[in-house]
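Subject: Structure for your study

Dear colleague,

Please find below the structure that I am handing over to you.

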Amino acid sequence: MVALPSETTHPALGRVAKKANESQHGVVHEVSPAPPLDDAGIERALDQLAAIIRSQGLRRSAVRDRIARAALARQGHFTVDELIGDLRRDGGGDAHPATVYRVVPLLVEAGLLKPTLITEGDGSHYERAFEREHHDHLICTACGKVVEFHFEAIEVLQDDIASRFGFELTNHVHELQGICPTCRSGD
Ligand SMILES: [Zn+2]
Ligand SMILES: [Zn+2]
């Protein structure tokens with residue numbers, strides 16, 4: 001039989017309960033889509049990218065910046081191919097697909113993007129990470145609908161697990177798969 005953790009046996013749950021009382025972050029809430037970055041935000045992101053590029057001994061390039069701008073302009077979750085489509089429509093003709101594929105990991109390294117929807121399995125989805133609220137994902141395996149949520153309790157418990165094993169948590173991917181209400185209603 002598995003003993004359920006309680007406030008008395010699990011200090012992290014006490015902290016969760018305390019946070020729940022202090023703020024609405026103790027409650028699971030759906031994360032609304034991020035508002036697009038304004039011009040100043042885009043410049044901050046490009047500066048951050050430039051710092052990474054410098055540290056790698058590379059030179060800032062117009063093509064790289066254009067790819068970064070297109071990626072930052074994207075809402076929600078997207079594939080590299082969708083990003084290539086945007087660049088093509090906007091006349092970014094010199095952004096060769098191979099270049100875009102090479103630049104995207106650099107954008108991840110610079111903290112502008114992060115890989116997402118990992119459990120979709122093709123490893124090709126990204127979303128903006130720069131100046132965005134941390135969130136986790138609930139994915140419908142039937143239709144692909146994605147809900148973005150934040151639940152402070154999960155955040156606290158993950159930190160607790162890491163510290164029990166002597167880890168300092170720097171990142172986590174938390175994805176839940178299931179069937180959404182529309183697909184469950186079966187039409
Ligand atoms: Zn569905
Ligand atoms: Zn997301």
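Which residues in helix 2 meet which residues in helix 3? Before the reply, please note that this is a predicted model. In helix 2 the residues are I42, A45, L46 and L49, and they meet D65, A68, R69 and L72 in helix 3.

**The chain as a whole**

The protein chain contains seven helices and seven strands. Followed along the sequence, their pattern is α-β-α-α-β-α-α-β-β-β-β-α-β-α. The chain has 187 residues, of which 16% count as buried. Among the contacts with a separation of 6 or more, 56% are between residues 24 or more positions apart.

**Helix 3 and its surroundings**

Helix 3 covers residues 62–73, which makes 12 residues. From its first C-alpha to its last it reaches 16 Å, close to the 16 Å expected at 1.5 Å a residue.

The axes of helix 2 and helix 3 come within 11 Å and cross at roughly 135 degrees. Angles over 145 degrees count as roughly antiparallel and those from 65 to 115 as roughly perpendicular, with the rest between these ranges called oblique. Helix 2 and helix 3 are therefore oblique to each other. The crossing in which helix 2 passes helix 3 is right-handed.

The buried residues of helix 3 are R64, I67, A68, A70, A71 and L72. They pack against helix 2 (39–55), helix 4 (80–89) and helix 5 (97–109), and also against strand 3 (113–115) and strand 4 (125–128).

Does A70 count as buried or exposed? A residue is buried if 20 or more other C-beta atoms lie within 10 Å of its own. A70 has 21 C-beta neighbours inside 10 Å, and therefore counts as buried. A70 and D86 are 16 residues apart in sequence, while their C-alpha atoms are 7.0 Å apart in space.

Three strands form an open sheet in the order 2-4-3, and the pairing is antiparallel. Its edge strands are strand 2 (78–79) and strand 3, each of which pairs on one side only. Strand 3 and strand 4 run antiparallel and are joined by three bridges. P115 has Y126 in strand 4 as its bridge partner. Helix 5 lies across strand 3 and strand 4, and runs at about 105 degrees to strand 3.

In general, strands of a sheet pair through backbone hydrogen bonds, either parallel or antiparallel.

Strand 5 (residues 136–140) pairs with strand 6 (residues 146–150) in the antiparallel sense, over four bridges. Within this pair, V146 in strand 6 is the bridge partner of I139. The hairpin of strand 5 and strand 6 has five residues between the strands, and G144 there takes a positive phi near 85 degrees. Strand 5 and strand 7, by contrast, run parallel and are joined by four bridges. C140 stands opposite G178 in strand 7.

**A residue in a loop**

V31 lies in the loop between strand 1 and helix 2. How many other C-beta atoms lie within 10 Å of V31? There are 15, and V31 is therefore partly exposed. Leaving aside neighbours within four places in sequence, V31 is in contact with E133, H135, E148, F149 and H150. V31 and E133 are 102 residues apart in sequence, yet their C-alpha atoms are 8.0 Å apart in space.

Yours sincerely,

A colleague

Methods:
Residues numbered from 1 in each chain as written. Chains lettered and ligands numbered in written order. Predicted model: local features only at pLDDT ≥ 70, side-chain atom pairs only at ≥ 80, totals over all residues. Pairing = 2+ DSSP bridges. Helix = DSSP H or I, 4+ residues; strand = E, 2+ residues; numbered from the N terminus. Expected span 1.5 Å × (residues − 1). Buried ≥ 20, exposed ≤ 12 C-beta atoms within 10 Å, placed from the backbone. Contact = placed C-beta atoms within 7 Å. Axes fitted to C-alpha atoms, helices over the stretch in contact; angles between N-to-C directions. Parallel < 35°, antiparallel > 145°, perpendicular 65-115°, else oblique. Left-handed = near helix turned anticlockwise from the far one by under 90°.
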